[in-house]
Amino acid sequence: MERYPYNSGEVESLISKVSDVQLHGSYYFLVLSGKYKGGKNAFLSKLSKRAGEISTVDLRSVISTNEEESYTYLDRLFDSLGEKNKIIYLEYGDVLSGEYTGFTYSTVRYATPQEKYLLNKIQHSEKVVILDLRDKANLTKSMERLAQAAIDFDAPDSGLSKLFWKLKQIRVNGHTFENKRPLDVR
């Protein structure tokens, strides 16, 4: 798997590659990881201008804690995709991850059954599938083996944009617990 920062020059060539890819009996799996939503939106906008319409799917409405229910929803989703749906954008991919709870020395997170099933569906889809992960730690070894590329969206480049982005990250009422699992250092 190739890994790129969102602001590198290779991302433009990746957009060309994704828009021109031939998927006869194959697939293309791309992971967008990181918190910088503005960068992800800009990337998707460039890709849609080049490759055409991108079908967006909110995985929160597809993946549930019930495995069989998730399998049924995933089957329906991939069965409903037609020929015109060449590029599929799966938002909120973090729902595939199990919670990292308890006191343990383990730093490896294994794929959940729902994640394994989705990855199998992607392999046989003949589509370009883009998975959005907010938390980089949710990029499992299984995803890394299957994905052709990943783009990291850490933070904006310019100082003023970075300041405003950091301010947007502050939550006063309510919050979500992010995965505190350490990233696998290679």
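**Buried serines and an enclosed strand**

Modeller: Strand β2 and strand β6 (residues 149–152) pair in the parallel sense, over four bridges. This is a predicted model, where local features need pLDDT of at least 70, side-chain atom pairs count only at pLDDT 80 or more, and totals for chains, interfaces and linings use all residues. Residues are numbered from 1 along each chain as its sequence is written, and side-chain values use heavy atoms, with hydrogens and water left out.

Biologist: What makes β2 and β6 a pair?

Modeller: Strands (E, at least two residues) are DSSP runs, numbered from the N terminus. Two of them pair if DSSP finds at least two bridges between them, and β2 and β6 have four. Leu 30, for one, has Ala 149 as its bridge partner in β6.

Biologist: Which strand pairs with β2 over six bridges?

Modeller: That is β5 (residues 128–133), also in the parallel sense.

Biologist: Why is β2 called largely enclosed?

Modeller: Because six of its six residues are buried. Buried means under 20% relative accessible area, exposed over 50%, partly exposed in between (1.4 Å probe, protein chains only).

Biologist: Why does Ser 64 count as buried?

Modeller: Its relative accessibility is 19%, so Ser 64 counts as buried.

Biologist: How do you know that the side chains of Ser 64 and Glu 69 make a polar contact?

Modeller: A polar contact is a pair of N or O atoms within 3.5 Å; within protein, one must be able to donate a hydrogen and the other to accept it, and residues adjacent in sequence count only if both atoms are side-chain atoms. Here the distance is 3.0 Å, and the pair counts as a polar contact.
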